[in-house]
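The following note sets out, in numbered points, what a reader may wish to examine in this entry. Please keep the structure open while reading.

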Amino acid sequence: MSGVKTKRSQKAGRVAMPEQAPEARIENFDEVPLGYTDEQARTEAMRCLQCKTPACCEGCPVQVDIPAFIRLIAEGKTLEAAAKIKESNCLPAACGRVCPQENQCEGLCVLGKKGEPVAIGNLERYAAQYASDYAARHGVDGPVKRPASTGKRVAVVGAGPAGLTVAGDLILQGHQVTVFEAFHKAGGVLSYGIPEFRLPKRIVQEEVEQLARLGVRFELNHVIGKATSVHELLGKEGFDAVFLGVGAGLPSVMGIPGENLGGVYLANEYLTRVNLMRAYDFPRYDTPIVRGRNVCVIGGGNVAMDAARTARRLGSERVSIIYRRSMEELPARAEEIHHAREEGIAFKTLCSPLEYLGDEHGMVKQARCQVMELGEPDDSGRRRPVPVDGKEVAIETDLVIIAIGGNANPIVTKQTEGLALNQHDYIAVNENGATSCPGIWAGGDIVTGSATVILAMGAGRTAAQDIHQYLCDGNPSTARCADTA
Amino acid sequence: MSRVLKKTELVPGIWQIEVETPRIAEKALPGHFVVVMADAFSERVPLTIADFDREAGTITLVLMVVGASSLKLSRLREGDDFYAVIGPLGHPSAIRPVERVVMVAGGVGTAPIFPIARAYHEQGVEVVAIQGARSADLLFWTDRLASVSAEHVVATDDGSAGRKGLVTEPLAEVLAADSPKRIGCVYAIGPTPMMKFCAKTTEPFETPTIVSLNSIMVDGTGMCGGCRVTVGEQTLFTCVDGPEFDGHQVDWDSLMSRQKTYHVQEGIAFERMLEAHSNS
Ligand SMILES: Cc1cc2nc3c(=O)[nH]c(=O)nc-3n(C[C@H](O)[C@H](O)[C@H](O)COP(=O)(O)OP(=O)(O)OC[C@H]3O[C@@H](n4cnc5c(N)ncnc54)[C@H](O)[C@@H]3O)c2cc1C
Ligand SMILES: Cc1cc2nc3c(=O)[nH]c(=O)nc-3n(C[C@H](O)[C@H](O)[C@H](O)COP(=O)(O)OP(=O)(O)OC[C@H]3O[C@@H](n4cnc5c(N)ncnc54)[C@H](O)[C@@H]3O)c2cc1C
Ligand code: SF4
Ligand code: SF4
Ligand code: FES
């Protein structure tokens, strides 16, 4: 493939993953990092010190046994390495790519104190890829032990990482599982939010197909709370337990003038059109998208980076991230910021929109922004951005994408009687993911607000354990039943 | 699977489609809509549930061909399956405790207004229906609408049926003649400009006016934010907060400019879709 570069980082010796070169990749939607070769993976795995008390594991929300899987890669037992990861993380191909490793596992790796931490995410991705290639070549998914059916039925609402984890865990315990998904494709944010160039959709679909082969039923295009209520699932539909993993949803606006002009998108719509509806392939696909020349993306998280890099690939000449704090506070993954800069995305930090102005057709033409400076630290410990009196900038733009976070989607939460919510309208749960309604569990973004893939999966796993206990002894959060001990 | 059971061309370019979809039929109420996809390449298109039959497990859609996606949908044949039908979505119409209600339908808006009119009629409310179209050959469901109305007025742009002129004229007359005041509210469903002018017409009478907005949508479940509209000072989402809103509070100009967002692409897609048909 052209545009591929392989560089060996010198000093700390971390093996860099080959990537498509920036000038090549802004012309396509193919994945940017290309994956380690066997050789590169083994070299990188060899860097791990195999710590007795591995700090890295503390940073992983689901406690992947990191040194163990890395040792297996170093020994060339990559299939075993993949299985080891899968013990605690059922979507390693996704997590290896999208976990904020610098704040989690890699952030605590001892090697990071002096040099560069072990590339745990890259190795995780490598192991997952190896196992999936192996399965494809040999036509098997590895050994699957399916226990005898318990005759219990579980409904999972939402096919995002939280729901898929619950489905995978419970099918392997012998329960019948049906996943209800509002969209026409499973995967949640992995399908409609995170772009192809960061997480190829085939990876998500493989995972979903694997679950289907295990016996999980998928009912797509089925909106729970509308076509069927949550209580009906437990009632006339005859399910014994329900897990709600419906994700965050409902995006926020800032409430400033001009936000509803033509050419102003909320990031969810922009990304859904491109990723799920394939608007980048219009008119082969029917869904259109506005292709701006001068694009402003408001916000500094992963969603903002994804929107900006997508706009670049759709041919926008100038793409600027507008963020109210400074570079240091950008909440996006370090790799995304790095890739965005390589792709020529401008960062207008300490800048916050005040108003969008439209042309005579009601299409946006300018963003009027307030210049900010950093003041005293706020509750989060980050220095609070404060307006610099009288300093404004006007930015010409024909496409604005707002990526400033979201709120809880009300369809399920507001229509399920007796379901206790927290002060932000997210679902309240106990430490096992059980809600205030007997027989109903919840986890992922609908409990925490927008968080991460791995946290959603962790929440799914916790809830699945509790659901399993409940199904075995009818008593949530109590003693374990025999077959899981 | 959601299957096309029956398809009829009511008038040129407007199709009535019976869809077998028992789960949705079971929950459907007047004012609900569905999001449909013809095939895996399709847009997600919102369409109002114009009628439903719980026992047969069917819903009725009435589709006007205006562009590529509606053209594609109109080409589904009896026995074909939709790629997706999702719903019922949105809030159903709130049937208010009024004495008399005016139902103004413009063009294809007759279809969504019919089940609401029927619901009022079944509550014993006196329904005044005003049905408008460009010309006589584009009028449909006049009998159905008349069967649930105490009074039924037809208006066409060219005078080829009923009175000549816009629906706003009979609307103003009905309101002016309503003395003592018995009309509790007005519904206006149809093209955006028609709803806007109906709302302007009722404003001086201070009659609550309900419109059903047809914003551009993607998911239809409150996730994307594409269907947002300005109502009063607030930004609301048509799919989860609507689709019915107070017509006196809607920012019509902003809605209309948002509806034009994809004008150029729509043209391209429509041409391609026509071509695809002539080649097949
Ligand atoms: C653009 C973007 C980039 C991101 N980047 C990263 C990243 O790099 N790293 C990272 O760790 N995290 C990232 N995140 C966050 C991460 O994707 C989420 O935290 C995670 O997906 C949450 O998983 P979930 O299962 O709770 O919900 P979701 O992934 O949101 O899935 C919920 C599913 O439920 C369905 N649903 C909703 N309502 C209903 C209903 N009523 N009936 C049936 N189905 C319903 C939805 O359609 C959806 O498929 C990103 C998020 C976005 C939007
Ligand atoms: C809640 C809701 C209910 C609806 N119910 C019905 C219904 O029962 N029957 C029906 O025929 N249509 C209905 N619509 C409108 C329908 O969804 C659109 O006509 C359709 O999406 C147009 O797609 P298209 O690709 O064929 O046309 P496009 O190529 O997208 O547009 C072609 C032309 O139609 C105009 N147009 C585009 N979208 C709309 C719209 N949403 N409303 C009005 N004009 C539009 C455009 O300005 C353009 O000039 C509804 C819309 C909403 C939001
Ligand atoms: S799941 Fe995420 S945090 Fe855990 S080891 Fe893998 S990449 Fe690191
Ligand atoms: S902390 Fe770093 S070096 Fe130590 S076991 Fe974990 S990955 Fe290996
Ligand atoms: S259509 Fe996406 S939020 Fe309404």
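This is a predicted model: local features need pLDDT of at least 70, side-chain atom pairs count only at pLDDT 80 or more; totals for chains, interfaces and linings use all residues.

1. Between chain B and chain A the count of salt bridges is 5.

2. Which elements of chain B supply at least two residues each to the side that touches chain A? The helices are helix 1 (22-27), helix 2 (68-74), helix 8 (252-259) and helix 9 (263-279). The strands are strand 8 (84-89), strand 15 (228-231) and strand 16 (234-237). Of the elements of chain B, strand 8 gives the most to this side, with 6 residues. By class, the residues on the side of chain B that touches chain A comprise 21 nonpolar, 14 polar and 10 charged.

3. The extent of the interface may be stated both in residues and in area. Chain B contributes 45 residues to the contact, and chain A contributes 46 residues. About 3,800 Å² is buried between chain B and chain A, and carbon and sulfur atoms give 55% of that area.

4. Ligand 2 is the next subject. It is surrounded by 21 residues, of which the closest are Pro46(B), Val62(B), Met64(B), Ser70(B) and Asn214(B). Ser70(B) places a polar side-chain atom 2.4 Å from an oxygen atom of ligand 2. Asn214(B) approaches through its backbone, where a polar atom is 2.8 Å from a nitrogen atom of the ligand. From Glu266(B), a polar side-chain atom lies 3.1 Å from an oxygen atom of ligand 2. Taken alone, ligand 2 exposes 870 Å², and the protein buries 82% of that.

5. How is the shell around ligand 2 divided by residue class? There are 12 nonpolar, 7 polar and 2 charged residues. Strand 4 (45-48), strand 6 (58-64), helix 2 and helix 9 of chain B each supply at least two residues of this shell. Strand 4 of chain B gives the most, with 4 residues. Helix 2 and helix 9 of chain B each also supply at least two residues of the side that touches chain A.

6. Two further ligands have surroundings in chain A. Around ligand 4 are Cys48(A), Leu49(A), Cys51(A), Pro54(A), Cys56(A), Pro67(A), Cys109(A), Val110(A), Val118(A) and Ile120(A). The shell of ligand 4 has 10 nonpolar residues, no polar and no charged. Among the residues around ligand 3 are Cys60(A), Cys95(A), Cys99(A) and Cys105(A), together with others including Asn89(A), Gln101(A), Glu124(A) and Ile454(A). The shell of ligand 3 divides into 8 nonpolar, 3 polar and 1 charged.

7. The backbone of chain B contains two cis peptide bonds to be noted. One runs from Ser179(B) to Pro180(B), with omega near 0 degrees. Pro180(B) is placed in the loop between helix 5 (168-177) and strand 13 (183-189) of chain B. Another joins Gly242(B) and Pro243(B), with omega about 10 degrees. Pro243(B) is found in the loop between helix 7 (238-241) and strand 17 (244-246) of chain B.

8. Gln50(A) is not a glycine, yet has a positive phi of about 55 degrees. The place of Gln50(A) is the loop that lies between helix 2 (38-46) and helix 3 (55-59) of chain A.

How values were computed:
Residues are numbered from 1 along each chain as its sequence is written. Chains are lettered from A and ligands numbered from 1 in the order in which they are written. Side-chain values use heavy atoms; hydrogens and water are left out. Contact means heavy atoms within 4.5 Å. Buried area is the accessible area (1.4 Å probe) that two parts lose on being put together, summed over both. A salt bridge is a side-chain nitrogen of Lys or Arg within 4 Å of a carboxyl oxygen of Asp or Glu. Ala, Val, Leu, Ile, Met, Phe, Trp, Tyr, Cys and Pro count as nonpolar, Asp, Glu, Lys and Arg as charged, and the others, Gly among them, as polar. A residue is near a molecule or strand if one of its heavy atoms lies within 4 Å of it. A polar contact is a pair of N or O atoms within 3.5 Å; within protein, one must be able to donate a hydrogen and the other to accept it, and residues adjacent in sequence count only if both atoms are side-chain atoms. Accessible areas come from the Shrake-Rupley method with a 1.4 Å probe; for residues, only the protein chains shown count as cover.
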